[in-house]
Amino acid sequence: MTESLDNLRNQIDALDQQLQDLLNERATLAHKVAEVKIATDPNPVFYRPEREAQVLRRVKERNQGPLDGETMARFFREIMSACLALEQRMKVAFLGPEGTFTQQAALKHFGHAVESVPLGAIDEVFREVEAGAAHYGVVPVENSTEGVVNHTLDTFMSSELKICGEVELRIHHHLLAGKHTQRDKVTRVYSHQQTLAQCRQWLDAHMPGVERIAVSSNAEAARRLKDEWNAMAIAGEMAEELYGLEAVQRNIEDRPDNTTRFLIIGRQDTPASGKDKTSLMISGKNRPGLLFEVLAPFRDEGINLTRLESRPSRTANWSYVFFVDCEGHKEDANLQSVLDKLEAAGNTIKLLGSYPKAVL
Ligand SMILES: O=C(O)C(=O)C[C@]1(C(=O)O)C=C[C@@H](O)C=C1
């Protein structure tokens, strides 16, 4: 016999009560953790990315369903976010304005119990964290279609901040119209230059005569539709909602798996979480075989590289620095050995940080 609706709802009510009690019990423990941190450290660090990554990984591993592991991890993401806010409310600077994908990435990584602060440029995000005006910052670093965000890599050259996390976000772009847009008279489309590039084929096919105008962010593109009747914007859902726009066509990105990676930047090193990545900047004297020599120790130690980029060094023309991402933590013996070998060969190494691999 099927159970009555009332009976099932009574059972849900009882479980909700238990869940609520347990959540508050957990929050009380997090509060005690904060007291221990304050008592044992003159500069206590409340946000612990390595611990959060371990908790989220465990949630996914032990999950039995029917809810899937990803969904369950998102619940725990928010639970820890709220617990952390009881210890200290995090101020997280991001590449704004409100409604950017970077803000979406910040909330995906930290949960919603943080204060997110929009800033106008990538280097402003770095400076805000360096000055201690924000605890952490979030900046884009690469897109699966368009490649690296040069400005972010270049800013690391002049910053002592550490990478303490990464976030990946599936990026969907929508063609948006404002309340006043006359859809048959559109002569221009606004978006960030990276977005225009990610939608190039779609725009060629569907809006061939329309001028593409690059602006500072997708959110800025969306904002402009407020006072323009013959323009459209390309932006994501967050900007669409924030600026009250209407989607004319959804998901116009050329590649359906279009993904952007973001970095979390902070002032502290992050201990090992068990599944980590390390980012390095390596420069050496320009000579035949330099790149080969730089890469050989990684091969010898069996360390997998996940990214390799070269950028002008900005110290002399035609000299370059290599940005290398690899698996492992800087405290791992084999990575230590790579760093020793590279230094012994006269290269300059800047450790940009070891941090947990993205979990969500
Ligand atoms: O374990 C800690 O250090 C905590 O502060 C607790 C907790 C949690 O809620 O589990 C909260 C914030 C930290 O970023 C990591 C974990």
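**Domain contacts and buried elements in the predicted model**

In this predicted model, 11 residues of domain 2 are in contact with 11 residues of domain 4. On the side of domain 2 that touches domain 4, the elements giving two or more residues are α6 (150–157) and β5. By class, that side has six nonpolar, two polar and three charged residues. The centres of domain 2 and domain 4, taken over C-alpha atoms, are separated by 23 Å. The chain as a whole is divided into domain 1 (5–86), domain 2 (89–171 + 259–266), domain 3 (174–249) and domain 4 (276–356).

An unreviewed UniProt entry annotates residues 91–267 as "domain: Prephenate dehydratase". This span is 30% helix and 34% strand, and its end C-alpha atoms lie 13 Å apart.

Helix α4 covers residues 101–110, and nine of its 10 residues are buried. The buried residues of α4 are Phe101, Thr102, Gln103, Gln104, Ala105, Ala106, Leu107, His109 and Phe110. Gly111 follows α4 and has a positive phi, near 80°.

Ile171 is found in the loop between β5 (162–170) and β6 (174–177). Ile171 counts as buried because it has 24 C-beta neighbours inside 10 Å, and the cut-off for a buried residue is 20 or more. Leaving aside residues up to four places away in sequence, Ile171 touches Phe101, Gly236, Glu253, Asn258, Thr259 and Thr260. The C-alpha atoms of Ile171 and Arg267 are separated by 28 Å, and the two residues are 96 residues apart along the chain.

Note on methods
Residues are numbered from 1 along each chain as its sequence is written. This is a predicted model: local features need pLDDT of at least 70, side-chain atom pairs count only at pLDDT 80 or more; totals for chains, interfaces and linings use all residues. UniProt positions are given in the numbering used here, feature names are shortened, and annotations may be inferred rather than shown by experiment. Helices (H or I, at least four residues) and strands (E, at least two) are DSSP runs, numbered from the N terminus. A residue is buried if 20 or more other C-beta atoms lie within 10 Å of its own, exposed if 12 or fewer, and partly exposed in between; C-beta atoms are placed from the backbone. Two residues are in contact if their C-beta atoms, placed from the backbone, lie within 7 Å. Domain bounds come from an automatic or database domain assignment. Ala, Val, Leu, Ile, Met, Phe, Trp, Tyr, Cys and Pro count as nonpolar, Asp, Glu, Lys and Arg as charged, and the others, Gly among them, as polar.
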